[in-house]
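Here is a short briefing on a protein structure. Look at the sequence and the model first, then read on.

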Number of protein chains: 2
Amino acid sequence: MTLIESELPEDRIRAITLLEACEERLYRHDPSIRITVSGSPGVGKSSLIEAAGRNAIDRGHRVGVVTIDPTSSLSKGSILGDKSRMTHLANSPHAFVRSSPAGKVLGGLGRRTFELVTLLAAVGYDLIFIETVGVGQSEHMAWQLTDAFTLVIQPGAGDELQGIKRGITELADMVIVNKADGDFIERARLTKTQYQSALHYFTPLRKGWSPVAMLCSATAGSGLDAWLDAIEAFRKNLLLHDELRILRKGQQEAWLEWNLGMEANRLLLQHPAVKNKLQEFHQQTQTQNISIFKMAYGFEQLMQSLLLPSSGTAES
Amino acid sequence: MTLIESELPEDRIRAITLLEACEERLYRHDPSIRITVSGSPGVGKSSLIEAAGRNAIDRGHRVGVVTIDPTSSLSKGSILGDKSRMTHLANSPHAFVRSSPAGKVLGGLGRRTFELVTLLAAVGYDLIFIETVGVGQSEHMAWQLTDAFTLVIQPGAGDELQGIKRGITELADMVIVNKADGDFIERARLTKTQYQSALHYFTPLRKGWSPVAMLCSATAGSGLDAWLDAIEAFRKNLLLHDELRILRKGQQEAWLEWNLGMEANRLLLQHPAVKNKLQEFHQQTQTQNISIFKMAYGFEQLMQSLLLPSSGTAES
């Protein structure tokens, strides 16, 4: 995993060889299911994975977890809290927890998350949870790269006047109302009912699968088996309709495009002409009030001339 | 605003001229404060902005709102719900609500959000709220592009075993525990206390400002004036330390870099050589099990050769 995440060019070549071998093995036999666990900070995603993961081990699963570290843009360092919070899983011989830095990547996933998941699947982890940083637009990428999407919410989420928002909720194969315990239980039941009826209004995304809302409490240990049962049923349904194979091809294509975009970004920003112009700009802002928008437009023209020199057609 | 969001090259030139004029005006006099309102879906961000915005109009403010539409990656269409939910603000002559599509942009903000905010400020909206799509890693960008960051949470958020997560919470200048009404009020008070003490542990981000946690209820109308007071105090503090000017320069630089990255992405993906190779790849996946990682590596090499033909040696 360290090799896969390495930025050194020579490591990258070795990582590619390793990943190719993983893919070949998985093309022959792949018993894994990959589940994104998304939801806002504080909703209890880690506790839920920890608790359900332990039950899954009792069922005979090998559990892989990739969590995306909310690398602070302030401290520039990862907050390595996830692994230490999932102490039981991290210490189990039947589980593997990897905390992957999100880095500068915008998109709820780390640069190498998809590769780490491939490696985990190839070495026999059959139940793989991907815990994202947060919830929002960015989670569409996580949705595109995994098999099932679990949205975790709190009791009372969304039962405002305006009803339940679409967006991320539309992507959910399973909605878990966590913290359904103690004085939250009544509100949790209400929230579950509201989400369940909202889910019915959305266009179905998977053949043969209707999204389900369920109650869980990671702390009380309730509802975890129902979640695992739902994941198992979800997987069986995918296999029944031969959708898993199609899904995985879609994931590969989405990942490739995403990866290319990031590489494009990185390469253009390190081009000498672009770098020089950026430096020039930084100096100018110190001494005068320049137009940022005009400056950006100039940059776009520069990048176009670098990349599309012979596009020939009217560019002026 | 339609001009600013237009994709046509000739519109872009006119938009740049307009934005330049806006900037010139703002360099002379800019009474605006720009506040990101972030939080998970269902937490009540829109209702809060609607309710506080009405109070702000009573105080004599002109209120601008930019909401980011969670453009569904499924329907490819925007869900134009935000504007219709903020009916009072949308219909007020002292407010302007713009629902901006997030599009394919990963980062909690639309491609042109920063430009729309500049325009709103230049035409006299002095209290500008930017409502993001969700919460998570992506919100760092929203934080970088605005003056103040308000994180909205629900009663009970984060009071799990593991304590309050860092990440997004570290960025908050103000934390609002919304829905502090009815049977949620006791839990809301507890959550506020926990957040307030957590906020004390973080490294202060602003000279002279300690992040505050507060209770609000958009539906009951409570706590809204306290939020507006906090925003006003926040702004006065920025001016006192001459931090606003420095902040805005930082915003410009962050926006420029972000914008360049997106343009780089767009340009490289439309390069003929890259497009051809992508198409070739799509055909191959239909007939054989190819290695996606090897393929991606090949793409990276291709892009490098396109962009850095004399890589390592010459600088011209």
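How many of the 316 residues of chain A count as buried, in percent? The share is 59%, where buried means under 20% relative accessible area, exposed means over 50%, and partly exposed lies in between (1.4 Å probe, protein chains only). The model is predicted: local features need pLDDT of at least 70, side-chain atom pairs count only at pLDDT 80 or more, and totals for chains, interfaces and linings use all residues. Residues are numbered from 1 along each chain as its sequence is written, chains are lettered from A and ligands numbered from 1 in the order in which they are written, and side-chain values use heavy atoms, with hydrogens and water left out.

**Chain A overall**

- Chain A has 13 helices and 7 strands. Both are DSSP runs, numbered from the N terminus: helices are H or I with at least four residues, strands are E with at least two.
- Take the contacts in chain A between residues at least 6 apart in sequence: 77% of them join residues at least 24 apart. Contact means heavy atoms within 4.5 Å.
- The accessible surface of chain A is about 12800 Å², and 54% of it belongs to carbon and sulfur atoms. Accessible areas come from the Shrake-Rupley method with a 1.4 Å probe; for residues, only the protein chains shown count as cover.

**Nonpolar cores**

- A nonpolar core is a set of buried Ala, Val, Leu, Ile, Met, Phe, Trp, Tyr and Cys residues joined through side-chain atoms within 4.5 Å.
- The largest one has 88 residues. Those with the most contacts inside it are W255, L256 and F299 of chain A, and W255, L256 and F299 of chain B.
- Another core, of 35 residues, lies apart from the largest one. I33(B), M214(B), C216(B) and L238(B) are among its residues.
- L256(B) touches L278(A), F281(A), I292(A), M295(A), A296(A) and F299(A), leaving aside residues up to four places away in sequence.

**Salt bridges**

- A salt bridge is a side-chain nitrogen of Lys or Arg within 4 Å of a carboxyl oxygen of Asp or Glu.
- D30(A) and R248(A) form one, at 2.3 Å from N to O. D30(A) sits in the loop between α2 (9-28) and β1 (33-38) and R248(A) in helix α11, so the pair ties together parts of chain A that are 218 residues apart in sequence. Both residues are buried.
- R98(B) pairs with E5(B), with the closest N and O atoms 2.9 Å apart. R98(B) is in strand β3 (residues 95-101) and E5(B) in helix α1 (residues 2-5) of chain B, 93 residues apart. R98(B) is buried, at 17% relative accessible area.
- Salt bridges that share partners join D30(A), R34(A), D147(A) and R248(A) into one network.
- K236(A) and E232(A) meet at 4.0 Å, N to O. Both lie in helix α10 of chain A, 4 residues apart, or about one turn of the helix. K236(A) is exposed at 54%, while E232(A) is partly exposed at 30%.

**Positive phi in two loops**

- K179(A) is not a glycine, yet its phi is positive, about 65°. K179(A) lies in the loop between β6 (174-177) and α9 (185-201). Its relative accessibility is 4%, so K179(A) counts as buried.
- D242(A) is not a glycine either, and its phi is about 55°. Its loop runs between α10 (224-240) and α11 (243-269). D242(A) is partly exposed, at 40%.
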